[in-house]
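Biologist: I have the model open and a few things to ask. Can you walk me through it?

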Amino acid sequence: MTNREKYKFDDFTFTNYRKLIQLAKAQGFEFILHKDEFKAERKDIIWRHDVEFEPDLALKMAQIEHEEGVQATYFFQLHSGYYNLFDQHYTKVFHDIEALGHHCGLHFDCRYWGITDEVQLNGFIMLDCEYLEKTLGVELDTFSFHNTTPFTQSCLEYRYGGLINVYSSYFKEHYNYCGDSLGYWRFDRLEEVLQDPEVQHLQVLTHDANWADEPLSPRKRFSKAMRNHAERLIAGQVNGLHSKGMLCPDDDED
């Protein structure tokens, strides 16, 4: 078996992403949010995104979901090493995703704060939440952990810092789980999970840079996302400085 077959490169295109949304609808799943009351008799799905690398790709996924008439939750980081949520470009992406009818939450990084106990966890979640709410003019009710550790996996309370914990024992007890961490299906292939008649309640996790226009390996998908990110930043800076009078090399006179 080749890596392409083993890691399902063809699964992780935006074309197939739309097909997965359509499949979930066809299988009778109702798209709900973490805050919605659990109902055993309802077949439902919580579709979530941890926005970790390139919010522009998250927006593309949000547009597909909007076109398919479903709602998802997008968890944004305040301390990302890949994007600055308070850059005007990404602030606009955040609000564009909201405007499409999606829910936004906090993607919280314990390592940034050096958190070692649940008292600290409560305090710093409240701090990050307050800053994001006041800066972007939103109200948050949910958070997800970034880069889970043995400590965060032991944090099973329903709420921390006033926000719903998507890794709580409540969701682990009530929902099956399927995720694309590291660019491949870590446990079960989503297409197969969606078609499993035994699965009546499901939480799905996706990450922006794990998806691309064409079938690529996980590493190539990530690299492509980073190159596109860099090219946008470079073009924006060069064009901005050029408009202020900076000469490009081709314009220099000998």
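Biologist: How do β3 and β4 run, and how many bridges join them?
Modeller: Strand β3 (residues 73–76) and β4 run parallel and are joined by four bridges. Two strands count as paired if DSSP finds at least two bridges between them. Strands (E, at least two residues) and helices (H or I, at least four) are DSSP runs numbered from the N terminus.

Biologist: Before I go on, what am I looking at?
Modeller: This is a predicted model, in which local features need pLDDT of at least 70, side-chain atom pairs count only at pLDDT 80 or more, and totals for chains, interfaces and linings use all residues. Residues are numbered from 1 along each chain as its sequence is written, and side-chain values use heavy atoms, with hydrogens and water left out.

Biologist: Which residue in β4 does Tyr 74 stand opposite?
Modeller: Tyr 74 stands opposite Cys 104 in β4.

Biologist: How many residues of β4 are buried?
Modeller: Six of the six residues of β4 (residues 103–108) are buried, so the strand is largely enclosed by the rest of the structure. Buried means under 20% relative accessible area, exposed over 50%, and partly exposed in between, with a 1.4 Å probe and protein chains only.

Biologist: What about β4 and β5, how many bridges there?
Modeller: Three, and the pairing is parallel. The bridge partner of Leu 106 in β5 is Phe 143.

Biologist: Which residues of β5 point which way?
Modeller: In β5 (residues 142–145), Thr 142 and Ser 144 point one way, Phe 143 and Phe 145 point the other way, and all are buried. In a regular strand the side chains alternate between the two faces of the sheet.

Biologist: Where does Phe 143 lead next?
Modeller: To β7, where the bridge partner of Phe 143 is Asn 165. β5 and β7 (residues 163–165) pair in the parallel sense over two bridges.

Biologist: Switching to helices. At what angle do α3 and α4 cross?
Modeller: Roughly 20°, with the axes of α3 (residues 55–67) and α4 (residues 88–99) coming within 10 Å. Axes are lines fitted to C-alpha atoms, for helices over the stretch in contact, and angles run from 0 to 180 degrees between N-to-C directions. α3 and α4 are therefore roughly parallel to each other. Under 35 degrees counts as roughly parallel, over 145 as roughly antiparallel, 65 to 115 as roughly perpendicular and the rest as oblique.

Biologist: Which residues meet there?
Modeller: Pro 55, Asp 56, Ala 58, Leu 59 and Ala 62 in α3 meet His 89, Tyr 90, Val 93, Asp 96 and Ile 97 in α4. Contact means heavy atoms within 4.5 Å.

Biologist: And α2 against α3, what angle?
Modeller: About 40°, with the axes 10 Å apart. That makes α2 oblique to α3.
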